[in-house]
Amino acid sequence: MDEKCDVVIVGSRLAGAAAAVPLASAGCRVVVLDRSRFPSNQLSTHLLFPAGVHELKRIGALEGILANDPVRSPWVSFQVGEKIELSERWRASGPIDYCLCVPRTIQDLELVRAARAAGADVREKHRLVRVLWRGGRAAGVRYADPTGQEHDIYAKLVVGADGRRSTVASEVGAFRPYRASRNGRGLVFRYGRDPLVGTRAGRTIYQFWEGDSLGFLFPSTPRGTALMLFMGAADEVHRAKADPDGYWAEKLACHPRMAQRVEGMTDLTPLLTTNQTSAYFRASSGPGWVLIGDAGHFKDPVIGQGQRDAMWSGRVLAESVADLLDDPAELDRALRQWENQRDAECIPSYHFGNIETRVEPTPHPLAEIVRRSSRTPKPDLGDLFGRARSMPQVLSLPRLAFGLASAVVRKESDIPSLAIVRQATRDLRVQLRIRYELRVGRFRSHIPVEGSEHPNPQPPAYRARAKNRNVQPSPRARREQPQGVRPAPTGGARDAADTHDARTQEATA
Amino acid sequence: MSKQNGTSSNTLLTGRVQVAAVQARLRPGAVEDNLIHLEDLIRDAVREHHPSLVIVPEEAASPAVNDPALSYVARPIDGAPMQLYRQLARELDIVVGGGFLAHRSNHLYSTYVLAEPDGRLHLHDKTITSAWGSHHCETGRDNGRPRVAALGDAPVGVATGWEWVRTDTARRLHHRVQLLTGGLCWPSFPMNWKSPFAPWMRREHALQLGLLRELPSQMARVLGAPVAIASQVGTVSLRTPVATVPWRTKLVGETQIVDQAGTVLARLGPDDGEGHIGAEVRLGPPQPTDPITDRTWIPSLSRTTRATRRALRLHGALTYRTKRLMRLHPWQRWPAADLLSEIGPGDPAEQPVATSGPASARPR
């Protein structure tokens, strides 16, 4: 007999667990399917700013994570070249005023535990086979259990929280993003043992802006571990793979302040890399289905907002629909409004990520803003990452104008003033276009913002699977199928890709 | 199906196509139930008739009549009704045609969809709102004659509601289509009104029955092309504008498949209840036998019908536009987006999605 529930969620990591907890707590019968067995790793920036940690607390996973003794980092330090340094506290999000950097093996396990504690039925090693439809609405899913046996489960809402290569997105026809932007930067990172553990430096998140290269250091979990990360041009990833030690030494040489900070690090892990991080928006809601987390929207990891936004999107979705599951029309309306709300929440940081991923030196006006902000330790520029304020709020037009004026007057570099003004004018135009888009507030706007969105994006490629696996072809189709026609490619290619991912994840672990 | 020179500049085709039409009894306001019911009817029709094209009525998610429940039946252009037609076309490997009240950008339209198995979509917005439909939607502007690849790239005309009786529709499609298809949701005159109106209303009702019975054949002869029309049937209770007495009546459209000479190949009348019919029609160069007259309407409409339509349309258009300006339509709470009216083939995993912004940049 077919099983029934209120909500079936595919994927039990950040977004899936964040949606499962409020729904289950509201009394809904929630089934969560995940193809992994936990603990399981996942490629990730691992960093959670205060707003992200606050989401963990809301889910009920924070206590379990804190039990793993992570470093709580209440400070952030921005270092621009060798002369400008800004150190400030994070602005609190609710009761949380610190960052965490937790490996996903630990974090996702705690999320699953939290979902189970709230009453969700989390089933590991269960693979989605297809979405079931009735009357034009998603009506449930067919899944394979660990033995490979297939079952149907019917639900009022199907939630895809299964990441960038979302099977749910392909099943509902939304796999191709309607809007995307190519990343300029690649990620090269490793863990090490931090000799400064216990000091203020050991509890500070560092960002080093050196020329067109970015360096980061995040105190991590367990205490004493730190994540070191370089984001240079995406092409550098190939060099890092070919000559890891040479590349690392080269990056430290051009980041003297970061080299100073990581001095004495021991137990360095091998380098890990990725440069496939194009940002995108997919249509994320439809009749009876919704895509949350990376399944619906992904932004450049250069600003480290993915984890927070995944949890935010899951939680807000659950809060929006928990009372509407019995009214399909109202449910669909709420799903669409949720998508609109998610876009309003994420578009400023999407553009911020697109700007940050440009492989260019720090703009002079921004450097001046950092310099001026360094006069006070009060939370300010950290809000760009902590999401207490959006990019247009933090980098207001008067502030940008002031930064430009200061840069021209100070004239510290060899660059002519005219060039600084030209570059600032270009950046200002981008900022104005972003503000215009936010003000207009279109739903699923596919109009690119020139200067923010980069051409030739490479979002995850769809790999065709067996067409309508359990749908019997019509008599006419059988009649007309030419002899010798081979079936459409099956899941082979996709499986191979997933295996590759799994290997990457294992490497991360 | 082979190609041969036709009478217009377009290349026309010859061949035979099995067509099925579904006559449905649907409940006003019950969109989700109606769509499930339609799915069953379509599957049943396909099992029985093995068609290349199956059509269901216009406004099939819910009869578009003047009823408070109708405020909630509009769905986004990429909503459940569209998904139903699109998915069944792919799954059953046929062309599926059906209508619904669609939210497109900032208006509602009575949209009729032809969905092809390879993902192609052809959308037609009704170009003349009906007496009751004017309370719910705006008129469209497209020409409603897409080329349907699954039918050998034949140009197919689409007409819904009052488009079926309008001479302009014939002009729009004359010598340009090899098949005319679409649907009806046509409430008749009130059956519950007492004397002195009762005999008058009964007479008008009888006229409507006769008019709609003859209409598909008339249109076939005017266009010289076969016709397939699907209608809604059943009884409905409407809210009479500016009056307290309800307007209880029947939906009186016919479901017919007619060849290009106007011969009825299969038929279901309003009293036959719901069901489906199937017949094979020949697609060929259009060979009109009846002229297009200078009159507004193809059949002869009674004065009462014309006056009633005019009054209801006026009331409907005023109501719709006033509520829209004041943002009182419930569908205005949905974020607005739109699809192009012609969408090309594509993988089912990567369908074009409804977006906002200029149509020129919309996904195809």
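Let's start with one residue, Val54(B): leaving aside residues up to four places away in sequence, it touches Ala20(B), Val22(B), Ile42(B), Ala45(B), Val46(B), Ile94(B), Val95(B), Val96(B) and Gly97(B). Keep in mind that this is a predicted model.

**Nonpolar cores**

- In soluble globular proteins, nonpolar side chains tend to be buried together.
- The largest nonpolar core here has 58 residues. Val54(B) is one of the residues with the most contacts inside that core, along with Leu38(B) and Tyr85(B).
- Another core lies apart from that one and has 52 residues, including Val7(A), Ile9(A), Ala114(A) and Ala161(A).

**A glutamine tucked away**

- Gln232(B) sits in strand β11 of chain B, which covers residues 227–238.
- Is Gln232(B) buried or exposed? Its relative accessible area is 0%, so Gln232(B) counts as buried.

**Where the two chains meet**

- The size of an interface is often given as the accessible area lost when the parts come together.
- Chain B and chain A bury about 3400 Å² between them, and 54% of that is on carbon and sulfur atoms.
- In chain B, the residues that lose the most area to chain A are Trp334(B), Pro335(B) and Glu350(B); together they make up 17% of what that side buries.
- If you count residues instead, 42 from chain B are in contact with 38 from chain A.

**Charged and polar links across the interface**

- How many salt bridges does the rule find across the interface of chain B and chain A? There are five.
- You can look up a salt bridge between the side chains of Asp78(B) and Arg444(A), with N to O at 3.1 Å.
- Between chain B and chain A, 16 residue pairs are in polar contact.

**What chain B brings to the interface**

- Three elements of chain B give two or more residues to the side that touches chain A: α1 (31–49), β4 (75–76) and α2 (80–92).
- α2(B) gives the most, with seven residues.
- By class, this side of chain B has 20 nonpolar, nine polar and 13 charged residues.

Note on methods. Residues are numbered from 1 along each chain as its sequence is written. Chains are lettered from A and ligands numbered from 1 in the order in which they are written. This is a predicted model: local features need pLDDT of at least 70, side-chain atom pairs count only at pLDDT 80 or more; totals for chains, interfaces and linings use all residues. Side-chain values use heavy atoms; hydrogens and water are left out. Contact means heavy atoms within 4.5 Å. Buried area is the accessible area (1.4 Å probe) that two parts lose on being put together, summed over both. A salt bridge is a side-chain nitrogen of Lys or Arg within 4 Å of a carboxyl oxygen of Asp or Glu. A polar contact is a pair of N or O atoms within 3.5 Å; within protein, one must be able to donate a hydrogen and the other to accept it, and residues adjacent in sequence count only if both atoms are side-chain atoms. Helices (H or I, at least four residues) and strands (E, at least two) are DSSP runs, numbered from the N terminus. Ala, Val, Leu, Ile, Met, Phe, Trp, Tyr, Cys and Pro count as nonpolar, Asp, Glu, Lys and Arg as charged, and the others, Gly among them, as polar. A nonpolar core is a set of buried Ala, Val, Leu, Ile, Met, Phe, Trp, Tyr and Cys residues joined through side-chain atoms within 4.5 Å. Buried means under 20% relative accessible area, exposed over 50%, partly exposed in between (1.4 Å probe, protein chains only).
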